[in-house]
Amino acid sequence: MSKENTKAENGHISTSTSLDDEQRVKVLSPGAMVAKRFFRNRLAMAGLVILICMFLFSFLGGAISPYGEDEVFRKTDKILKDYVGTTKNNTYRLIALEGKSLPSSITSAMTKAVDNGEESFEANGSTYYLTKEGEEFYTISGGQQVATAMLLKGSLRFNENEGITLTDEVKTAIQEAIDKDETTAKVGDAEYQVTKQGKQYVVAVIENLGMTTKRVFSGAQADVKLSYDFQFAVEKAIDAGQKTAEIDGVTYELEADEQTDSVTIFKDGEEYAYVSYYVMNLIQKSEFLSLDLRREIERAVKEGASSFTVTDAQGEEETYRIQARDNQYTVKKYTETHLNDTYASPSKEHWLGTDGNGMDMLTRLMYGGRISLLIGFVVIIIEIVIGMLVGGIAGYFGGWIDTILMRIVDIVICIPSMPLYLILGSVMDYLQVDPRMRIFMLCLILGLISWTTIARMTRGQILSLREQEFMIATEATGIRVRRRIMKHLIPNVIPQIIVISTMELGSVILMEATLSFLGLGVKFPYASWGNIVNAVNDSYVLTNYWFVWIPAGILILLTVLGFNFVGDGLRDAFDPKMKR
């Protein structure tokens, strides 16, 4: 029976408590003792805080972010773009008469005939005739066979083509031309070509097909259509040095510009057409090139200027730049264009700026954290399942089963992981595997390669545990083998597995980041911290846009550091003797 003795000495009261008092020493459970030791570890608590922040940032941050993972932001900016391609025309251009055709394939033969001063040329199996109308200006005629003729006893016998009937007047004119060794016969407005082929003559009627010139005609407005008769009459007037040209009862005024060798044509006092030696093609076919701009381009090209300025109808000045290359000139203009807002600096709208695709960096980091952490946990789960299964069976049964399973473990360890990742990544690129499916395949590949550490640790622990008294008791009571392993052995190994898995998580995240950095991991449009850091492959981005890659690198560093701190804390909590 306990006693309580209280003595008063010099005004002080002393009290002694025996073991059977109500205030007894509290005995903690093993789990509570582990938790107490863990929470007293400052580094472990720092790692836990870091991981909680990373999880909140990745999963909660992505949910509250106003932007989407692959949302692209655009901006309006003025950039110098190609506007007009121009060159001075030094070749003959074909202009066909209405209802006729002049194939472009005859241009080479025609140019050769003009240079040689010939009046006809052969092309595409047909004969064409050139008539010089002015300087660098010819009409083109073609012969259409209408009959053949053969000279019998001094007179011609005609064999007319189907549907063709030659009058006596035409036959007489052809007879006279043959007698005089002439090749043409004219009857009224029609002209016939007579060509001897062997013993017979081929008769063809000559018809006008069009003209060829080095000058280029352009309408003053987009809806102005310049007819063949108009262009022919203007060519004749220019060569004749006339100031006017009357076409279809309408008088047109011609105003020459000696500086550009061009001619502006007026109708009723307003600009109607323009003739020059320059070919100009708009890059944007939907727009129309005004005559004022044409003239300014020609002046600038002729003067060799690199830029010029034009004042539009609203009084605003527009600057154009000219890039010359091999007699080809490209006129560039500052054009208002919608562009992806790439590499935008941090701002109120985008706290960490935007990446090379114009996506919000902070949002990409949030979603990237989800992918990186998800891959880490999925891979660790695969490692635990395979490692515990293989290690548990090998450690419990031993003998030849242990030998076979451990040799399999050795083989897997010997597999060069990085070359294997490179090969499998290239295969997935070749097969164009869907980015979402690629994430799951990446988890599976990493898990199937990395389970050996857990398997060997599990085997070693079970080898030592299976000989202890509690396992002998389970065997004596007849408990099934599967239950012995799952209910009595594995739970005793779980603390070590938790420690290893926690520390392995950091390694898996680093491996995923490495593969994504190399372009073999997570693919666009999905983000991971690894493929975000991939931006440093561009040295310009590396040196000028720190906000694109440094935050992702810091997040990887903090996450891996947090897992390592927690792993060290758990190890010390489960086995405090290791610190001694």
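Modeller: This is a predicted model, and the part to look at is the packing of helix 2 (residues 42-64) against helix 7 (residues 361-397). Their axes lie 8 Å apart and meet at an angle of about 125 degrees. The crossing of helix 2 past helix 7 is left-handed. On the side of helix 2, the contact is made by Met54, Phe55, Phe57, Ser58, Phe59, Gly61, Gly62 and Ala63. Helix 7 contributes Leu362, Leu365, Met366, Tyr367, Gly369, Arg370, Leu373 and Phe377. Sorted by class, the contact has eleven nonpolar, four polar and one charged residues.

Five strands form an open sheet with antiparallel pairing, in the order 12-16-15-14-13. Strand 12 (216-219) and strand 13 (244-247) each have a single partner strand, so they stand at the edges and one side of each has no neighbour in the sheet. From one strand to the next the twist averages 25 degrees. Within this sheet, strand 14 (residues 250-257) and strand 15 (residues 262-267) run antiparallel and are joined by six bridges. Tyr252 stands opposite Lys267 of strand 15.

Two helices lie across strands of the sheet. Helix 5 (residues 228-240) lies across strands 12, 13, 14, 15 and 16, and runs at about 150 degrees to strand 13. Helix 6 (residues 291-303) lies across strands 12, 14, 15 and 16, and runs at about 30 degrees to strand 16.

Note on methods:
Residues numbered from 1 in each chain as written. Predicted model: local features only at pLDDT ≥ 70, side-chain atom pairs only at ≥ 80, totals over all residues. Heavy atoms only, no water. Axes fitted to C-alpha atoms, helices over the stretch in contact; angles between N-to-C directions. Helix = DSSP H or I, 4+ residues; strand = E, 2+ residues; numbered from the N terminus. Left-handed = near helix turned anticlockwise from the far one by under 90°. Contact = heavy atoms within 4.5 Å. Nonpolar A, V, L, I, M, F, W, Y, C, P; charged D, E, K, R; others polar. Pairing = 2+ DSSP bridges.
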